[in-house]
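Keep the sequence and the 3D view open while reading.

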Amino acid sequence: MNFLDIAGISYAYGDEASVVDAVDWDIPTGAFHCLVGRSGCGKTTLLKLAAGLLVPSAGRVRIDGRPVDGPRPDVGFVFQAPTLLEWRPVLENVLLPISLRGAVSAEDRARAGELLHLLGIGDLEARYPLELSGGQQSRVAIARALIGGPDLLLMDEPFAALDAMTREELQADLLDLVAARTTTVLFVTHDIAEAVFLADRVAVMEAGAIRARLEVPIARPRAAELRHDARFNALCLDARQAMRAPLAA
Amino acid sequence: MTSTRLYSLALLVVLLVAWDLFCRWTGISALVIPAPLAVAEVLWSGLASGYLWPHIWVTSAEMLLGLGLGCAIGFSCGVVLGEVDFLRRLLWPYVIASQVVPKLALGPLFIVWFGFGMTSTVVITALICFFPLLENTLTGLQLIDPRKRDLFRMLGASRWQTLARLKLPSGLPVILAGVRVAVVLALVGAVVGEFIGGREGLGATIIAAQGMMDSTLMFALFFVITFLGIAVYQFTIAVERRLLRHHQKGLAL
Ligand SMILES: Nc1ncnc2c1ncn2[C@@H]1O[C@H](COP(=O)(O)OP(=O)(O)O)[C@@H](O)[C@H]1O
Ligand SMILES: [Mg+2]
């Protein structure tokens with residue numbers, strides 16, 4: 001059963017050339033797929049199409065069997081930057097999706113606190129976003145995307161601005177969190193090692209089209225040491241060559 | 001106190017002394033430039049005898065009423081124009097055109113409409129304060145980070161929720177900058193409004209002093225108005241700092 005089902009979608013901004021060009025993609029329920037590609041190849045646009053923030057000019061998107069005709073509450077989106085409301089404390093930022101839908105209950109607050117705790121920032125819930133480091137802000141954004149218990153998580157280079165150590169910590173935390181909930185994930189990145197570490201399958205995008213797909217047959221849970229494993233590095237090399245292939249041709 | 005503040009204070013003393021020395025050496029008539037001590041004396045007796053207080057009160061009341069009224073209406077119109085595209089496009093040319101109308105020139109007309117006294121001064125002040133609020137509210141509501149807009153769409157926020165919980169708070173720095181401009185204009189509006197049609201107030205008293213060729217009193221009134229302006233402006237900045245303490249540092253003061 002595919003949770004996210006993208007069939008032949010294309011999109012162009014205004015009268016310009018297609019930014020996303022006839023992309024097909026299926027993600028089975030609970031799977032973690034990554035999309036890698038150079039800056040400007042159309043990754044964000046594809047993610048927004050999947051989220052229903054943009055309407056494709058051709059093709060269709062289904063989530064859980066239903067056609068997408070706009071943003072839906074069971075889909076969590078993590079933007080390229082943390083995109084927090086600077087004038088609200090951390091806990092209120094995490095609870096934003098709930099408070100926009102109605103009253104916030106004591107259980108919601110407890111769950112938000114617990115999520116922040118799982119993400120290692122349980123003691124920062126009363127702080128304001130500008131009083132946090134970049135990594136802490138990213139954690140808040142992830143907690144906000146998870147608070148509604150989404151079945152599908154769409155993530156747009158959420159760790160791109162972080163240092164390598166923080167990024168590895170967050171990758172591990174993210175894998176733990178989504179594994180506990182069987183969340184289906186589509187994760188965009190330009191970092192090949194990040195993609196291979198996180199994903200069951202990596203797709204390589206170039207100029208609006210998917211150029212290659214690569215299975216990652218590595219068992220979960222995945223430990224940090226995996227990054228020094230020969231098999232892991234071989235997969236990274238495969239992905240990198242898939243990205244370079246059209247240039248060499 | 002920082003050393004720069006000490007220097008600023010020292011500069012004030014130097015200026016006062018220079019003013020005094022200028023009056024003594026040139027022997028200039030008190031009708032043209034009164035000596036600082038004479039001004040201070042008039043100021044003190046005006047305050048001590050209670051002569052100035054009703055005027056200070058009237059001008060402050062006109063200023064605050066006009067400011068409150070103009071800001072409230074300007075803000076509301078800014079929100080409506082910011083939210084309704086059709087109205088904005090329809091009315092924008094008129095908003096721009098009305099910007100260049102010298103509002104104080106309408107004073108005599110307001111006296112015809114509202115009579116001499118407080119009402120016409122409050123209306124002029126409100127009219128002057130209306131425009132910075134309208135323009136800054138409109139600008140503030142348009143300047144939203146596109147990612148935050150997408151976030152609210154993604155979360156299924158209603159139009160009202162997007163306005164109240166995203167657009168207004170994120171536009172607050174720009175809106176408050178408009179309030180700051182309005183505060184300065186409000187004092188000018190109240191004083192000049194009284195020049196034209198006031199019976200009471202600091203502006204009206206300046207005109208009366210002019211009639212009696214009392215330059216010393218005019219200088220004293222000038223200082224009272226300056227102090228009033230500084231007090232209200234500092235208060236506004238303090239409120240602004242407090243409201244924006246969590247906003248982007250670059251946008252706050
Ligand atoms: N709002 C927009 N209007 C017009 N062109 C856009 C817009 N957003 C992105 N583009 C263009 O679409 C292409 C793909 O952008 P994007 O999907 O953001 O790429 P990526 O996320 O892979 O860096 C780029 O060439 C970019 O210039
Ligand atoms: Mg992007």
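## Helix H1 of chain A and what follows

Helices here are DSSP runs of H or I with at least four residues, numbered from the N terminus. The model is predicted. In chain A, helix H1 covers residues 43-51, and eight of its nine residues are buried. The buried ones are A:Lys43, A:Thr45, A:Leu46, A:Leu47, A:Lys48, A:Leu49, A:Ala50 and A:Ala51. After H1(A) comes A:Gly52, which has a positive phi, near 85 degrees.

The loop between H1 and strand S4 (58-63) of chain A holds A:Leu54. A:Leu54 counts as buried because its relative accessibility is 17%, and buried means under 20%.

## The surroundings of ligand 1

Which residues surround ligand 1? They are A:Tyr13, A:Val19, A:Arg38, A:Ser39, A:Gly40, A:Cys41, A:Gly42, A:Lys43, A:Thr44 and A:Thr45. Sorted by class, this shell has three nonpolar, five polar and two charged residues. Two of its members, A:Lys43 and A:Thr45, are also on the list of buried residues in H1(A).

Backbone atoms of the protein approach oxygen atoms of the ligand at several places. A polar backbone atom of A:Gly40 is 2.7 Å from an oxygen atom of ligand 1. For A:Gly42, a backbone N or O atom lies 3.1 Å from a ligand oxygen, and for A:Cys41 the distance from a polar backbone atom to a ligand oxygen is 3.3 Å. Taken alone, ligand 1 exposes 560 Å², and the protein buries 57% of that.

A:Glu86 is found in the loop between S6 and H2 of chain A. Is this residue buried or exposed? A:Glu86 counts as buried because its relative accessibility is 13%, below the limit of 20%. The side chain of A:Glu86 makes a polar contact of 3.0 Å with the side chain of B:Lys148.

## The cavities

Rolling a probe the size of a water molecule over the atoms shows where empty space is left. How many cavities of 30 Å³ or more does a search of the whole structure find? The search finds three. The largest cavity has a volume of about 140 Å³.

Its lining consists of 13 residues, and those nearest the centre are A:Val75, A:Gly76, A:Pro97, A:Ala145 and B:Leu155. Two or more lining residues come from each of strand S6 (75-78), helix H2 (90-101) and helix H4 (134-146) of chain A, and from helix H7 (146-154) of chain B. S6(A) gives the largest share, three residues. By class, the lining has nine nonpolar, two polar and two charged residues.

## A pocket in chain B

The second largest pocket has a volume of about 260 Å³. Residues B:Leu12, B:Leu16, B:Trp19, B:Pro36, B:Leu37, B:Val39, B:Ala40, B:Leu43, B:Phe223 and B:Phe227 line this pocket. The lining divides into ten nonpolar, no polar and no charged residues.

Three helices of chain B each supply at least two of the lining residues: H1 (3-26), H2 (36-48) and H10 (215-243). The largest share, five residues, comes from H2(B).

Definitions and conventions
Residues are numbered from 1 along each chain as its sequence is written. Chains are lettered from A and ligands numbered from 1 in the order in which they are written. This is a predicted model: local features need pLDDT of at least 70, side-chain atom pairs count only at pLDDT 80 or more; totals for chains, interfaces and linings use all residues. Side-chain values use heavy atoms; hydrogens and water are left out. On a 1 Å grid over the protein atoms alone, a cavity is a set of points where a 1.4 Å probe fits but cannot get out, and a pocket is an open set with protein on both sides within 12 Å along at least five of seven lines; lining residues have an atom within 4 Å of a point. Grid points are joined across faces, edges and corners, and a volume is the space filled by probe spheres set on the points. Ala, Val, Leu, Ile, Met, Phe, Trp, Tyr, Cys and Pro count as nonpolar, Asp, Glu, Lys and Arg as charged, and the others, Gly among them, as polar. A residue is near a molecule or strand if one of its heavy atoms lies within 4 Å of it. A polar contact is a pair of N or O atoms within 3.5 Å; within protein, one must be able to donate a hydrogen and the other to accept it, and residues adjacent in sequence count only if both atoms are side-chain atoms. Accessible areas come from the Shrake-Rupley method with a 1.4 Å probe; for residues, only the protein chains shown count as cover. Buried means under 20% relative accessible area, exposed over 50%, partly exposed in between (1.4 Å probe, protein chains only).
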